[in-house]
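Here's a quick briefing on one chain, with the cut-offs spelled out as we go. Have the sequence and the 3D view open while you read.

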Amino acid sequence: MSTATADGAATPGRASSAPPAKRPSAKKPKSVLGTRPWLAALFLLPALALLGALVVYPIGYSVYRSFFDASGNGFVGLDNYREMFSDDATKTAIKNNIIWLILAPTVSTALGLIFAVLTERVRWATAFKLVVFMPMAISMLAAGIIFRLVYEQDPDKGVANAMWVSVHDSFSESPPFPGAHPRPTAGLTESQDGSFTTRDTVRAGSPAALPLVAAKRGDISGAQDAKAAKAEPGKVTGTVWFDFTRGGGGEQGVIDKGEKAMAGLRIEAVKDGKVVAKTTTSADGTYTLPAKAEGAQLRLPAWNFSEPYNGVDWLGPSIVTPAIIGAYVWIWAGFAMVLIAAGLAGVPRELMEAARMDGANEWQVFRRITVPLLAPVLSVVVVTLMINVMKIFDLVYIIAPGPSQDDANVLALQLFQSSFGTDVNQGLGSAIAVLLLLLVLPVMFINIRRIRRESRR
């Protein structure tokens, strides 16, 4: 063995006694917040104070208040909860919330998915996205006012019924003179169904005049002057006209100068309760029936005078909830489209092209590849909208009219009415608030689990 001398030469027979040099250990740097916990608490204190004042305290006080009566002085235990589940208004609110929870997120997400896929196939995709997303810039209050006008019953005011009536009238004829009827002395009797029938039978070669009154000015304006029908052998003829002269004067039951014809009325010849012939008045008000109408009574069906089709009662008790959900979908479909379009941008195009090369059609590519790959994004949209619809209030409160508001009731609206309405009971309102919190918590828990699972990836 040898050892090294001071000049670097090795000395044989002596072992080295110097220990090996240690490498300096790399210390993990500590953050400022890690070395000073009080600094972290100082930064978190404002947020925690706000969280406690705006979230924790109201929740705790609502739970506490739900065990007291309307005055807040008498402890009633679970009576408010029993009253809540025995109240018909609250039962309706719970039922409507379930309908909202099923329909609104599903329809909004489905439309958002369709819009997102379509925007990849059109040149004007940016403009389309802008139009669909634009309702998100409108407040719920403004959207409620807009759709209150859209759902107006009068087709001249409500856009929905204007379109619906236009489609309906394209396939069915509208009554020509709503509200018109004969004079009491005109020789016609009214039936229970609203039709008018002549008391006497008609004869061929002897024109039968049928004077009417009470027609609306808009239905008469522009009509031709009435013309007296000529007698025709073997045929029953006559005239139907508006027996009214502007400015007064004229003779009842006689076609005076300037009196208007009533065109388009249906006339039936009835014998022994059976219709043997029928016709429609011409532009000058005259009509002609075949010889088999001789000896029959003439009947003006009730359809001639019935009110025109006025559309759907969108805000009526039966469909007010789906109508309001339609307004919600109009607003939030754009939100769903934007999120889904962002997720669609990250879908590998190679998978789609490979599927098309293997013979898959567009529907199969959409169902087997696009939708499964978008499942995480779709779940985000659905869960977000579910949390949102559980708290829906303003749209229902604004759109639903007074007579239908009970039928459109939801939990948030019932909470407001119980706490601040005419019959104030803040104990019951607090119980409804606790119920609403319990219903929202599972959805929030699912959302938190999803966020944690995404963060681990």
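Leu 50 sits in helix α2, residues 37-65 (helices here are DSSP runs of H or I with at least four residues, strands are runs of E with at least two, and both are numbered from the N terminus). This is a predicted model, where local features need pLDDT of at least 70 and side-chain atom pairs count only at pLDDT 80 or more, while totals for chains, interfaces and linings use all residues. Residues are numbered from 1 along each chain as its sequence is written, and side-chain values use heavy atoms, with hydrogens and water left out.

**Surface and the nonpolar patch**

- Leu 50 is exposed, because its relative accessible area is 54% (buried means under 20%, exposed over 50%, and partly exposed in between, with a 1.4 Å probe and protein chains only).
- Leu 50 also belongs to a nonpolar surface patch with Leu 44, Leu 48, Leu 51, Leu 54, Val 55, Val 56, Ile 59 and Val 63, and together they have about 810 Å² of accessible area.
- Patches take residues with over 30% relative accessible area and no salt bridge, joining nonpolar side chains (Val, Leu, Ile, Met, Phe, Trp, Tyr) within 5 Å and like charges within 9 Å.
- The areas come from the Shrake-Rupley method with a 1.4 Å probe, and for residues only the protein chains shown count as cover.
- Ala 110 is found in helix α4, and it counts as partly exposed because its relative accessibility is 37%.
- From Ala 110 to Val 236 it's 126 residues in sequence and 62 Å in space, C-alpha to C-alpha.

**Annotated spans**

- The unreviewed UniProt entry carries the annotation "transmembrane region" for residues 38-59, 98-118, 130-151, 327-348, 369-387 and 428-448.
- UniProt positions follow the numbering used here, feature names are shortened, and annotations may be inferred rather than shown by experiment.
- Residues 327-348 are 86% helix and 0% strand, with 35 Å between the end C-alpha atoms.
- For residues 369-387 the figures are 95% helix and 0% strand, and the end C-alpha atoms are 28 Å apart.

**Around helix α15**

- Helix α15 covers residues 411-420, and its buried residues are Leu 411, Ala 412, Leu 413, Gln 414, Ser 418 and Ser 419.
- What do those buried residues of α15 pack against? Their partners are α4 (88-119), α13 (394-399), α14 (402-405) and α16 (426-456), with contact meaning heavy atoms within 4.5 Å.

**Salt bridges**

- The whole structure has 11 salt bridges (a side-chain nitrogen of Lys or Arg within 4 Å of a carboxyl oxygen of Asp or Glu).
- Asp 225 pairs with Lys 260, with the closest N and O atoms 3.2 Å apart.
- That pair links distant parts of the chain, 35 residues apart: Asp 225 is in the loop between α8 (217-220) and β6 (236-242), and Lys 260 in the loop between β6 and β7 (266-271).
- Asp 225 is partly exposed at 44% relative accessibility, and Lys 260 is partly exposed at 26%.
- Lys 235 and Glu 232 form another salt bridge, with the closest N and O atoms 4.0 Å apart; Lys 235 is partly exposed at 37%, as is Glu 232 at 30%.
- Arg 356 and Glu 353 meet in a salt bridge at 3.2 Å, N to O. They're separated by about one helical turn because they are three residues apart in helix α10 (residues 349-357).
- Arg 356 is partly exposed at 26% relative accessibility, and Glu 353 is partly exposed at 45%.
- Salt bridges with shared partners join Arg 121, Glu 353, Arg 356 and Glu 362 into one network.
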